[in-house]
Amino acid sequence: MALALVGIVAFAGYWALRLQTNIREAPLSAGNSTADASNDATDPLQILIIGTDTREGADAAYGSQADSSGYGNSDVMILMNISADNKVVSITSFPRDLMVPIPKCHDPKTNRDYPAQAVGQINSAMSEAGPGCAVDTVNQLTGLTIDHFMVADFTAVKDLSNTIGGVQVCVNGAIDDPMSGLKIPAGTSTLQGEMALAFLRSRHGVGDGSDLSRIKSQQEFLASLARKVKSDGTLTDVPKLLSIADTVTKNLTVDSGLANPQAMLTIAGRLKSVDLGKVAFVTVPWEPYPADPNRVQVKQPDAGALFQALRDNRDLTAPAAPSPSPTASSEPSTTSSTTASPAYNKALQPVAVANGSGVGGRAFDVAKFLIGQGFAKTTEFTANGVATTNVYFGPNFADVAKDVASALGIPDSQVHAANVAGVQVYVGQDFPTGTHYSPKLPDNVVAQTAADSTCQAAFGH
């Protein structure tokens, strides 16, 4: 027994040292935040998974450094959310061509500072100042505080698919894409190595030839990978898990909080019992970017609703409660925004709550809550039914409206200047209960779950 225990300790020590040696580290933030203090074993957990397109080192076979060097662009950006009870997981893809605000970032390698950008392409944040800048950008966009990141290169993806013995994918037509090297027949194929990487990289061979179609391939691949890992018992097979970890960590960069084998095993342990039907794959809601037809921007209020759901760790696979049938609306007409007033006394501000929800007593409940928040002059009345909750403000009441909306959890995109006296909270049919607003998610927000076997469309099909 003593010899067995010594052997186990020696085995564990060997793997800990080996994996620790494999891993490369980078800061979690580029100067905009500190490491999150959450507990990886028990708290909600957010991990930003980044695929870099750098052509340095082992990735030189996929192009020259003129294509991408250094940190590379975040060619793939996926946010994994794990709920505190490990029952709900969301996998959110960010289009690489998404135009978003990028915060000021500091590059720890070059000691160079990059100024904030009012709008920039999301995949360029990492190329400036490393993965910490990508994390800061997503934090600013979503209102989340990401706990960890993982950056994988082309070689990591190729080696992983080889180690697990390939991943099954389906396409509805034959694909021959010379740009990525993907060549597969119609139907189901098991891909590994170069062909698995080609499937994940292919744009011109799938859908409409855009990055948005490639996201669909990535979601199908990851869902199939999850089913294989779960059916093989990989997450409960320590030797197999260590073998995969050894493969992946050779081409992986992570933050310091994740740079130890125990942290990775802890996260794997949290995922081993997850119902694959509760692993939701979604894409950030988008719409065309007006200044450039080849770029996209977040679509509001849909994106705001998704980000709120992620912050609340909601089950995205649960069907939304049906809204009452809308009735004639009498929303105030909106005007241009005005200059905010200076600091104010909450107790003196005129705030009215209009009940357009169709549910009796809603205005009273919301008004009572706001009075408890210090808005002592809050009144309520019944109004015509409206589908969506909004906050309206008159001249010089923008700051009051912002604070009222914040107290109720109403996003900034639903706060508007209008021809009203003071501030008016117009409670809609999407806010039928409670005092904290949860925006309604788009009906088609979930592209698929990990339990779903889907088939990617070949280009032109």
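I started with the open sheet of four strands, which goes 8-5-17-16 with mixed pairing. This is a predicted model, where local features need pLDDT of at least 70, side-chain atom pairs count only at pLDDT 80 or more, and totals for chains, interfaces and linings use all residues. Residues are numbered from 1 along each chain as its sequence is written, and side-chain values use heavy atoms, with hydrogens and water left out.

For the terms: strands (E, at least two residues) and helices (H or I, at least four) are DSSP runs numbered from the N terminus. I call two strands paired if DSSP finds at least two bridges between them.

How do strand 5 and strand 8 run? They run antiparallel, and three bridges join strand 8 to strand 5 (residues 98-102). Ile102 has Gln117 as its bridge partner in strand 8.

Then I turned to the open sheet of eight strands: order 1-14-9-2-3-4-15-23, again with mixed pairing. Strand 1 (24-25) and strand 23 (446-449) are its edge strands, each pairing on one side only. Strand 23 runs antiparallel to strand 15 (residues 279-283), joined by three bridges. I found Phe281 opposite Gln448 of strand 23.

Last, which helix packs on this sheet? Helix 9 (residues 302-311) does, touching strand 3 (74-82), strand 4 (89-93) and strand 15; contact means heavy atoms within 4.5 Å. Its direction makes about 145 degrees with that of strand 4. Axes are lines fitted to C-alpha atoms, for helices over the stretch in contact, and angles run from 0 to 180 degrees between N-to-C directions.
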